[in-house]
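Hi,

Here is the structure I promised to pass on. Have a look at it first, and then read my notes below.

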Amino acid sequence: MLKEKRNLMLYKQDFEKFFRLLSETFTIFGPSKTDGSRSFTKIDASDEIAFDYENTKMSLKEFFFPQTETLFFFDTEKNEVKQTDVETNKHDKQNILFGVRPCDAMSISFLDKVFNANNPQDLYYTRRRKSTRIVSFACTNPASTCFCTSVGCGPDSETGADIIFFELNGRYFIKTVTPEGEKTIKSAEKLLNPATKNDIEEKVHLMKTANSNLKKIFDSGNLQKKLDNFNAPYWGKLHRKCLGCGICTYLCPTCHCFDITDEVIKSNGRRIRTWDSCMFSLFTLHASGHNPRPTQKERMRQRIMHKFNYAPKYYGKTFCVGCGRCVIYCPVNMDIRDVMKEIMEER
Amino acid sequence: MNNPYVPMPVRISDIITENEARDIKTFKLIFENKEDEKKFSFLPGQFAELSILGFGECPIGIASSPTEDGFLLFTVKRAGVVTTRLHRAEIGETIGIRGPLGNTYPIQDMEGHNVLIIGGGFAFTTLRSTIKYILEKRNRGSFKDLTVIYGARNPGELIYKDELWQWEKQSGMKTYITVDKGDKNWNPLTLPSPRCPPPYPPPTSGGGQRRGYYVGEGLKEGGRYEGFVPTILKEVAPSPKDTIALICGPPIMIKFTLPILTNLGFVPESIFLSLEMRMKCGIGKCGRCNIGHKYVCKDGPVFAYAELQRLPNEY
Amino acid sequence: MRQIEYEIINTVEKLFADKKIDIFIGYKKGTLSLQTSPYFLSEQDDVRKLVWNSFCSNNLAVFIPRIIPNSKSKESKPVGILCKGCDSRSLVGLIKEKQINRDNLFIIGISCPGIVDRRKILSRLDGKEIIGIDEDADSIVVKLKDGEKRFEKEEYLCESCLNCAHPTPSIYDVLIRGAVYSLQAITPDPITKDFSSKPREERWKIFETEVSKCIRCYACRDACPNCYCKECFAEQTKPQWLGVSKGLSEVIFYHIVRILHQAGRCVDCGACVRACPMDINLRLFTRVMVDEVKERFGYEPGISLKDTPPLATFSADDKQEFMTEPE
Ligand SMILES: Cc1cc2nc3c(=O)[nH]c(=O)nc-3n(C[C@H](O)[C@H](O)[C@H](O)COP(=O)(O)OP(=O)(O)OC[C@H]3O[C@@H](n4cnc5c(N)ncnc54)[C@H](O)[C@@H]3O)c2cc1C
Ligand code: SF4
Ligand code: SF4
Ligand code: SF4
Ligand code: SF4
Ligand code: SF4
Ligand code: FES
């Protein structure tokens, strides 16, 4: 860990230069104006970045854990596995994910626990993770669907980020969070000045306002206890309007379930992993026809329980960062905040 | 570094059809690469993902014992895509294997104690591994009495028949074999089996004509029965004192077996079950196989009943 | 609007009081502005939470096959449901396809002034936060921190509502009459007509561009009352029809089959479009099917319980030029 996190300042008029200097060593990805900040895309010029976006539709996980990933190619005629080159990352250029929201940055720290931890390590994920720096952007204007502060995240959370930016009047306040973050800005050092007391005060004030705009809806610690009641009566009702479409899990930055299947054309095949979701009816269906989660009731329970009860027990973290994507995009307005409130109210 | 998703090549060196319905086959596999074989060190209870390129993978319990050198056994029931393709495989074909995966039966905890093994149907696989392991000369001394109760729907559905007949005769263990419904050959104990050509071996004890029904005298030293596993268990179970019970079988068998063990005085800490959930990755990442906060592929498939009681009843 | 809401509430209250139903499916206020949420209520729930407004967008018929297992099941009491024109057309389809039994339903029909497309409004707000919504007969007033914005409903209705020929339910037990959106419905739909008139390559390009955004969540399928299959072709493994990747060819395959499975069945309710998180204009393609079926067979699904769906019948004088060898 970094002994001393540095607070630096960058004038907005220098940002273009800053961006160019960084892009000499790094490929830069960010929320781009051109695709309406649908997802993180490659940014070629600093003015393509959409700074004022609320949250990309597709979460950051796509970048490290794409919806479709080839595990390896094979030849069915020769009956041979052709190894992929995941073991080496020498081909990779270093990347920067620029303008990441603090909730998404934190979600990556959770995915690290699943894929990056050595139990065993998932080389596909790790490889991208190793070659990527995360530069997050504190939220000064959180959306009405954000509830990060209820789940241990926040508009200025640093977890998962290498560097965090705060947008002050006419300049950026830059805080280096990790040694990697320090290295990242090395080449642009000459554009940066140490932050003054005034700068720090302005930043603190800014984040105070942002924080006060976020209502704390529930206490996730308490919630975990509450959820220990697996057979609570609310499970019989909550799910009824759920369509089982899985949007809430596909768009969720912390959901990481996947399927493994083979695809073959003639004798060329590949084994792929693709996103999957506990909200789908086939997710747990045995070949025998037995299904431990036969109805949407059990599936809804799994989703909520996994995020707020199982994951805290297993990984020590609530697997929700309060980004609000599931709230915005659920076709039946299944609002996870409401679900939580309902659960907390039940005695 | 090892890529946990890439299977190692293994050659099918033998295929044995286990049952009359011909939908259960045992595959004997030999590693193509010696290094892979060395890395593949396992204990009874673990499983592996068998892979057929173009078809996919499926988790199958390791039926051979680590004490059996040079090969692995997997007994597979034909069910869906991969297992059906596997059943069409021929001797000499190369398939893939990933593993060993999951935890093991509590071998260390079992040492110095009696072991009761309860199996049903084709789920007997990892229990066979355990029995073999215990019976191995250099291991046998570490365990006390070994009791095996194994049941299938009918005599034709019993797997590992020639070994069963062998175990019936073997000293130092008690073997109770039961079928839901016998056929005309079940008494007196003749059984058509592709692995076991006639003349069929005589029963363990009590002379050639002993009828193997579960009611009656003198059943305490093994034999053949007609009836459900839980019923037989009630009759023949060893004392719970100093005994560890391992169970693997269809859900319905497990459901009725547990209360009987409990009534007999087995504490939940001394009962171990091997569970099945739909699986993909086998390494605790794909999120598919959890029961509560435990992943069956990684934290299981073997669970102490005591632990299961603390988990949601969702399997 | 308020008036109609009261009428709905009173009717439902009476249904519960008279023990006619045990469960009712309607709408309640959503947690987001411009949205409502399906509301399942039983007698002990608060019937006053039922709402009726321009954002009652879900097609509630989708829940019926999930609650009532099959057409043979004899429910002790019918399930109460609030139906717009399109919801009722979906129910007609489900009854005709023998998925449910008419006797198991108690339908409160409501003549529909059209549903406002929240995305159209949202796209005009530059991401500004909505503080409140007001609605009158012709317009939606959106209150923002720095003032308010008025939207004429006529311009902001969902595409399918803009060209809806049957805003009044085709079947019901009780009908609540309200304002009906009065634009003349046109067949073929102007938007899809424009699409159909384009050269083949261009149409394909549009199709490809649209569906390439798809993330295969299948919300379009799950939101559609017609998609009640227990085992969808998209997920079958024996045989497997298509792979599960996000590759373009797989996505195209999924969409073509889904669209074709809607031929003669799609009631143009727009539920699939509204459910899609990627804003894919699915209606462009399903509506082409609707118009095609109407033109060829003079058939509109969901209007009558009696007529036979064209794909379930054969007539010697059916147009069959498509059966000729390809050129
Ligand atoms: C720990 C463990 C040990 C097992 N041991 C054996 C054994 O020794 N012998 C045996 O015959 N069967 C065993 N099974 C069950 C076996 O895995 C399934 O029958 C098999 O996966 C079916 O695969 P399929 O491709 O033929 O079926 P499909 O229905 O085509 O299934 C597709 C995929 O779903 C998964 N899947 C489906 N059903 C199951 C299931 N019941 N359990 C786990 N994954 C499933 C697999 O990944 C499979 O490839 C075991 C299962 C587990 C979890
Ligand atoms: S997005 Fe909504 S409807 Fe779809 S699965 Fe999630 S909760 Fe259910
Ligand atoms: S559960 Fe919803 S709010 Fe929480 S991280 Fe996932 S998408 Fe965001
Ligand atoms: S189990 Fe469900 S909630 Fe948990 S990660 Fe998987 S898809 Fe998300
Ligand atoms: S395909 Fe779409 S528009 Fe047609 S009935 Fe289904 S949900 Fe409605
Ligand atoms: S709802 Fe949209 S993204 Fe989801 S499968 Fe349908 S078209 Fe694709
Ligand atoms: S099989 Fe993937 S988590 Fe268990």
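**What I found**

In chain B, strand β11 (residues 243-248) and strand β12 (residues 271-274) run parallel and are joined by 3 bridges. Within that pairing, L246(B) sits opposite F272(B) of β12(B). Before you go further, keep in mind that this is a predicted model.

Those two strands belong to an open sheet of 7 strands in chain B, and the order is β10-β9-β8-β7-β11-β12-β15 with mixed pairing. At its edges you'll find β10 (223-226) and β15 (302-304) of chain B, each of which pairs on one side only. On average, neighbouring strands of this sheet are turned by 20 degrees against each other, if you ignore direction.

Two helices of chain B go with this sheet. Helix α6 (residues 161-169) of chain B packs on the sheet and touches β8 (146-152), β9 (173-179) and β10 of chain B, with its direction at about 135 degrees to that of β9(B). Helix α8 (residues 251-264) of chain B lies across β7 (114-120), β11 and β12 of chain B, and it runs at about 165 degrees to β11(B).

**Over to chain A**

Chain A has an open sheet of 8 strands, again with mixed pairing, in the order β3-β2-β6-β7-β8-β9-β1-β10. The edges here are β3 (40-42) and β10 (193-194) of chain A; each has a single partner strand, so one side of each has no neighbour in the sheet. Further in, strand β7 (residues 132-137) and strand β8 (residues 163-168) of chain A pair in the parallel sense over 3 bridges, and S136(A) stands opposite I164(A) in β8(A).

As for helices on these strands, α4(A) lies across β6 (94-100) and β7 of chain A and runs at about 65 degrees to β7(A). Helix α6 (residues 197-212) of chain A lies across β1 (7-11), β8, β9 (171-176) and β10 of chain A, at about 90 degrees to β8(A).

**Where A meets B**

The contact draws on 48 residues from chain A and 39 residues from chain B. About 3600 Å² is buried between chain A and chain B, and carbon and sulfur atoms give 55% of that area.

On the polar side, there are 27 residue pairs in polar contact between chain A and chain B, counting pairs with both residues at pLDDT 80 or more. Which elements of chain A each supply at least two residues of the side that touches chain B? They are β4 (68-75), β5 (80-82), α3 (102-116), α4 (123-130), β11 (258-265), β12 (268-275) and α10 (296-315) of chain A. Of these, α10(A) gives the most, with 8 residues. By class, this side of chain A has 24 nonpolar, 11 polar and 13 charged residues.

How many salt bridges are there between chain A and chain B? The count is 6.

In chain C, strand β6 (residues 139-144) and strand β7 (residues 147-152) run antiparallel, with 6 bridges joining them. They form a hairpin, and 2 residues lie between β6(C) and β7(C). In this pair, L144(C) stands opposite G147(C) in β7(C).

Cheers

Methods. Residues are numbered from 1 along each chain as its sequence is written. Chains are lettered from A and ligands numbered from 1 in the order in which they are written. This is a predicted model: local features need pLDDT of at least 70, side-chain atom pairs count only at pLDDT 80 or more; totals for chains, interfaces and linings use all residues. Side-chain values use heavy atoms; hydrogens and water are left out. Contact means heavy atoms within 4.5 Å. Buried area is the accessible area (1.4 Å probe) that two parts lose on being put together, summed over both. A salt bridge is a side-chain nitrogen of Lys or Arg within 4 Å of a carboxyl oxygen of Asp or Glu. A polar contact is a pair of N or O atoms within 3.5 Å; within protein, one must be able to donate a hydrogen and the other to accept it, and residues adjacent in sequence count only if both atoms are side-chain atoms. Helices (H or I, at least four residues) and strands (E, at least two) are DSSP runs, numbered from the N terminus. Ala, Val, Leu, Ile, Met, Phe, Trp, Tyr, Cys and Pro count as nonpolar, Asp, Glu, Lys and Arg as charged, and the others, Gly among them, as polar. Two strands pair if DSSP finds at least two bridges between them. Axes are lines fitted to C-alpha atoms, for helices over the stretch in contact, and angles run from 0 to 180 degrees between N-to-C directions.
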